[in-house]
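Welcome, and please open the model in your viewer. We will go from one selection to the next and look at what is there.

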Amino acid sequence: MAALVAAAPQQSGSEGMEPLLKLPCTSGEDGESVGADVETLRDHLERFLLSEVGSDLLAAKNAGDLLRNMLEENCKLEKQVLTASSSMPLKVSAAISAAEGAGCALTELMQSGRAVSTLLKQHMEEVEPWMDELSLRLHHVSSIERHRKYLLCLQHIEELSAVIQQCLMTSSVWEAIEAINSMAQLHAGLSPSSCSHLQSFLKETLTFWHKIVKERLTSDLEKVLAHLHWPIISPPPQSLSSTVNNQEVYAQLELLISQLLALQTSDDLLYQWDLATAEPSAQPAPSSSPASGSAPLCLPIQIMLVPLTKRFRYHFYGNRQTNSPSKPEWYLTQVLMWMSYSSAFMEEKIQPIFEKSGTTISARVELCRGLLTLLQEKVASDAARLLYEDTLFCHLVEEVLLFEKELRSNHSYPAVLPGLIHLLLEESVLQKWLTVEKKIAVEKMDAILSAEEAWNSQYKDISDIDELKAPHCAETFMTLLQVITERYRVLPCPAAQLKFLILQRELVDDFRIRLTQVMKEESRCPLSARYCAILNGVNYISTILVDWGDDVFFLQLQQAAVSLGEESVVGSLGLKEVGRLASLEDSLFEGLLALLERLKGDMMGRLLEWTMREISEKAKPYSQERWLSLSCQQDQLTMTLSSSACPMMLCVRDRLLYLHQALSLRVFQLAWHGLADRLDQLIYQDVILSNHFSDGGAAQLNFDMSRNLYPLFGHYCKRPENFFKHVKEACIILCLNVGSALLMKDLLKAEESETRAAAAAKAVATDPSAKSALHELGIYCLSSDDVLILLNLRASLSS
């Protein structure tokens with residue numbers, strides 16, 4: 001046992017050996033030893049012996065095996081301790097020896113480095129004069145090399161110039177064009193160089209020869225085009241091939257256009273130089289630059305545009321009568337005619353030459369681009385001059401929009417190329433356009449509201465197309481808005497379109513305010529024709545705005561407003577409202593629709609209140625009928641309407657007929673629904689709950705309602721009694737036979753007693769028998785208390 005205890009601390013310093021007995025390690029703050037707790041040690045020893053030896057502690061075999069195991073383990077641990085203690089000094093001494101050797105090697109290395117540094121410094125001092133001299137010689141060689149290359153470039157330029165001159169003298173135009181293109185390539189190679197004088201010389205040389213070759217080709221092409229009767233300023237003959245039968249002319253045309261297309265590279269280079277050096281007020285000629293940022297026109301088209309440009313400037317500039325600010329359609333139509341007349345010639349004669357030359361340019365589109373350049377310059381000039389002439393400015397905008405539509409549809413001008421619309425997006429022009437649109441719209445609103453036929457429907461005599469019964473003013477106003485929409489729909493900029501949308505919303509709100517003002521004047525008599533027309537107009541505008549909210553164009557504008565964060569559209573909305581706009585749950589007209597619905601609800605309330613006031617006055621005799629003294633009639637076929645109910649019924653009939661004729665279908669449905677609901681409350685409160693009924697009185701009331709009142713509304717729905725829930729169910733209770741009524745009364749009283757008892761006990765009363773009985777009778781709207789009150793109104797049941 002002593003061996004067991006002694007073996008435990010020895011095992012703690014070994015690796016790979018697991019002790020047979022694990023003693024508890026307890027150490028307190030006062031530094032007690034590991035085995036201080038004798039009781040704990042005794043418990044661990046007992047558990048260890050029970051697990052290793054077993055319950056028979058006196059068995060010699062178990063004790064011997066345990067002793068042998070402990071001795072073997074003790075020997076292993078002693079060997080490990082001796083091995084570790086003997087090998088550790090050797091490793092430490094070896095590491096110290098290696099560190100000392102490394103230190104000596106480092107010292108030697110540092111000494112060698114200092115020696116080498118000294119030698120290198122001495123060598124650098126010796127070779128420094130040689131390096132200075134070599135640097136001067138290298139700089140001199142480099143300078144000579146640059147001069148040599150400079151002279152070679154000059155020589156090459158002169159050689160190319162000589163080649164071009166020789167080719168022009170021998171009429172070898174193709175070789176001259178190739179030499180000019182070589183000059184252009186040489187200039188592209190010299191563009192990174194700082195030899196500004198050389199570049200200027202090359203530029204001047206290239207410009208000189210390019211101009212000469214271009215002028216020669218231009219002169220030849222103009223002669224050929226003259227033979228072909230170009231420009232075509234009148235409707236061409238049916239067949240262009242019959243115009244000139246000389247095939248040599250067409251061959252020469254093909255040659256000249258091909259040569260001009262080959263010269264296009266240097267022409268584009270010269271155009272870029274002109275753009276880089278031109279002043280803002282002195283831009284290149286319009287014929288070479290159709291629009292800012294667009295590629296220049298190809299040379300053949302530039303030449304073909306020259307006579308058309310002269311004609312255009314002759315007729316539409318200066319003091320000519322054709323240059324009238326009030327007639328922009330003259331020059332717009334003239335250009336469209338030129339495009340139409342020249343289309344066949346460009347497609348049949350010029351386009352095949354372009355295709356043979358390997359270019360992808362469309363000859364017809366290129367000519368349209370050039371002609372549009374003339375119009376862009378003219379329209380921009382006229383728009384700037386007409387900013388203070390509202391009428392002329394509006395006419396110009398209208399004509400430009402019509403021209404754009406004609407250009408895109410009939411002449412198939414590509415949408416990616418600019419036309420004239422972008423000129424209207426200039427800040428000053430766009431603001432003027434918006435101002436004039438608002439001014440004219442307000443003036444037209446004043447005119448249509450003050451017109452005699454403002455509140456009459458244009459289709460009042462055609463019932464099948466006059467469901468909305470919109471007054472003339474509302475229909476004209478929405479047509480005005482639709483025209484504004486069609487004008488700005490073609491704008492390529494969503495931000496500009498949103499400005500017009502904001503203007504439209506302002507106009508709708510302004511028109512709503514005007515309608516409200518007229519409504520307040522007419523509210524003294526809500527049944528007047530004008531009041532009903534205003535109600536129809538409000539409903540008509542709401543219906544149109546709902547349709548616009550589902551239109552693809554306005555949905556796209558809605559997405560643009562959210563993506564652009566347009567302040568005027570979404571600036572005052574919260575995150576939830578913006579999210580609903582982005583998800584298309586709401587429309588851009590949601591705020592306007594809410595205001596219009598509020599106005600419609602207010603007007604409908606006034607109308608129903610006025611109508612019910614009149615009906616209530618007519619219903620007073622009916623409510624004062626002697627229901628308690630009426631005798632019961634066995635046969636309903638002999639029953640007639642109560643004489644006191646006739647004024648009320650006639651009033652209800654007349655008002656329904658009038659409202660049906662005066663209001664649109666949807667508004668009339670709201671009106672008669674509201675009228676039925678209020679009439680139901682009126683009869684229930686003033687007639688039924690205010691009187692006691694005999695069996696005959698109850699039968700008469702039921703007859704008046706089911707055979708006279710309900711059919712008045714039966715023209716507009718299949719089951720009108722469903723809109724008189726209180727009256728219908730009250731009649732059921734009042735007409736119930738005496739036995740069933742007594743049972744129902746007892747049942748309801750019992751339920752009332754149970755409810756009171758449950759309330760006193762703070763419990764929940766659950767007795768569905770009374771509710772089930774009421775449902776069997778068709779009573780769903782009235783409560784048990786209401787039914788009990790009605791039963792008490794019956795004379796046969798009164799106690």
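Start by selecting helix α6, residues 247–262. At 1.5 Å a residue, its 16 residues should span 22 Å, and the end C-alpha atoms are 23 Å apart, which agrees. The expected span is 1.5 Å times one less than the number of residues; helices (H or I, at least four residues) and strands (E, at least two) are DSSP runs, numbered from the N terminus.

A word on the source: this is a predicted model, in which local features need pLDDT of at least 70 and side-chain atom pairs count only at pLDDT 80 or more, while totals for chains, interfaces and linings use all residues. Residues are numbered from 1 along each chain as its sequence is written, and side-chain values use heavy atoms, leaving out hydrogens and water.

Stay with α6 and show its side chains. The buried ones are V249, Y250, L253, L256, I257, S258, Q259, L260 and L261; buried means under 20% relative accessible area, exposed over 50% and partly exposed in between, with a 1.4 Å probe and protein chains only.

Next, zoom out to the chain. You will find 26 helices and 0 strands. Of the 799 residues, 40% are buried. Among contacts (heavy atoms within 4.5 Å) with a separation of 6 or more, 74% join residues 24 or more positions apart.

Now colour the aromatics: the structure holds 22 aromatic pairs. Rings of Phe, Tyr and Trp (its six-membered ring) pair if their centres lie within 6.5 Å, and planes under 30 degrees apart count as stacked, over 60 as edge-to-face and the rest as tilted. Select Y488 and F553, a tilted pair at 5.8 Å centre to centre with 50 degrees between the planes. Y488 lies in helix α13 (residues 472–488) and F553 in helix α16 (residues 552–564), so the pair ties together parts 65 residues apart in sequence. Both Y488 and F553 are buried.

Then pick W672 and F713, whose ring centres are 6.1 Å apart with planes at 45 degrees, so this pair is tilted. It links distant parts of the chain, 41 residues apart: W672 is in helix α21 (residues 665–688) and F713 in helix α22 (residues 695–713). W672 is buried at 3% relative accessible area, and F713 is buried at 0%.

For a last stop, select W433, Y488, F500, W548, F553, F554 and F589, which form one aromatic cluster.
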